[in-house]
Amino acid sequence: QLQASGGGLAQAGGSLRLSCAASGLTFSRYVMGWFHQAPGKEREFVAAISWIGDNTFYDDSVKGRFTISRDNAKMTVYLQMNSLKPEDTAVYYCAARTHLSYYPGGYSYWGQGTLVTVSS
């Protein structure tokens, strides 16, 4: 089970930090990803991090602004979002998969989603 939190309202240029706490799975054996879904659009890849956090992957739209990290002892993955833009507005989902994928299909576990709204 994954539980996402940390969403909310931010102004353009501001920051938010999302968290995703895992339970009931061997956390360190899963690649963790963040996806977002804007109204009327498909769910899209944002970032992912390898099992022990030594490799990170980002969509071009967030490179240099977002940072994904994980704490395996706390079974939690984070998404630090800086320099937010109105186009970042979406529901953000965390997800777990045994191997990296940039596509939502195949992820074994999903969080419930947390809404991020960025005002201009």
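Strands β3 and β8 (residues 76–81) pair in the antiparallel sense, with six bridges between them. Two strands count as paired if DSSP finds at least two bridges between them, and a strand itself is a DSSP run (E) of at least two residues, numbered from the N terminus. One example is serine 19, whose bridge partner in β8 is tyrosine 78.

A quick note before going on. This is a predicted model, so local features need pLDDT of at least 70 and side-chain atom pairs count only at pLDDT 80 or more, while totals for chains, interfaces and linings use all residues. Residues are numbered from 1 along each chain as its sequence is written, and side-chain values use heavy atoms, with hydrogens and water left out.

## The four-strand sheet

Which order do the strands of the open sheet take? It runs β1-β3-β8-β7, four strands with antiparallel pairing. β1 (2–5) and β7 (66–71) stand at the edges with a single partner strand each, so one side of each has no neighbour in the sheet. On average, neighbouring strands here are turned by 15° against each other, direction ignored; the angles are taken between axes, which are lines fitted to C-alpha atoms, and run from 0 to 180 degrees between N-to-C directions.

Now for strand β4 (residues 31–37). Six of its seven residues are buried, so β4 is largely enclosed by the rest of the structure. Buried means under 20% relative accessible area, exposed means over 50%, and partly exposed is in between (1.4 Å probe, protein chains only).

β4 runs antiparallel to strand β9 (residues 90–97), and seven bridges join the two. In β9, valine 91 is the bridge partner of glutamine 37. β4 is also antiparallel to strand β5 (residues 44–49), this time through five bridges. β4 and β5 make a hairpin with six residues between them, and glycine 40 in the turn has a positive phi of about 75°.

Is histidine 36 buried or exposed? Its relative accessibility is 11%, so it counts as buried. Its bridge partner in β5 is glutamate 44. The side chains of histidine 36 and tyrosine 92 are joined by a polar contact of 3.3 Å. A polar contact is a pair of N or O atoms within 3.5 Å; within protein, one must be able to donate a hydrogen and the other to accept it, and residues adjacent in sequence count only if both atoms are side-chain atoms. Setting aside neighbours within four places in sequence, histidine 36 is in contact with residues including Glu42, Arg43, Val46 and Ala90, where contact means heavy atoms within 4.5 Å.

## The disulfide

The structure holds one disulfide, a pair of cysteine sulfur atoms within 2.5 Å. It joins cysteine 20 to cysteine 94, with an S to S distance of 2.1 Å. The pair links distant parts of the chain, 74 residues apart: cysteine 20 is in strand β3 (residues 16–22) and cysteine 94 is in strand β9. The torsion about the S-S bond is about 65°, so the disulfide is right-handed. Cysteine 20 counts as buried because its relative accessibility is 0%, and cysteine 94 counts as buried at 0% too.

## Aromatic rings

Rings of Phe, Tyr and Trp (its six-membered ring) pair if their centres lie within 6.5 Å; planes under 30 degrees apart count as stacked, over 60 as edge-to-face and the rest as tilted. By this rule there are eight aromatic pairs. Here are two of them, both with tryptophan 110:

| Ring pair | Centres apart | Planes at | Type |
|---|---|---|---|
| Phenylalanine 35 and tryptophan 110 | 5.2 Å | 55° | tilted |
| Tyrosine 93 and tryptophan 110 | 6.3 Å | 80° | edge-to-face |

Phenylalanine 35 lies in β4 and tryptophan 110 in strand β10 (residues 109–110), so their pair ties together parts 75 residues apart in sequence. Phenylalanine 35 is buried at 0% relative accessibility, while tryptophan 110 is partly exposed at 27%. Ring pairs link a cluster that includes Phe45, Phe57, Tyr102 and Tyr107.

Most residues other than glycine have a negative phi. Methionine 75, though not a glycine, has a positive phi of about 55°. Methionine 75 sits in the loop between β7 and β8. Serine 83 also has a positive phi, near 50°, and lies in the loop between β8 and β9.
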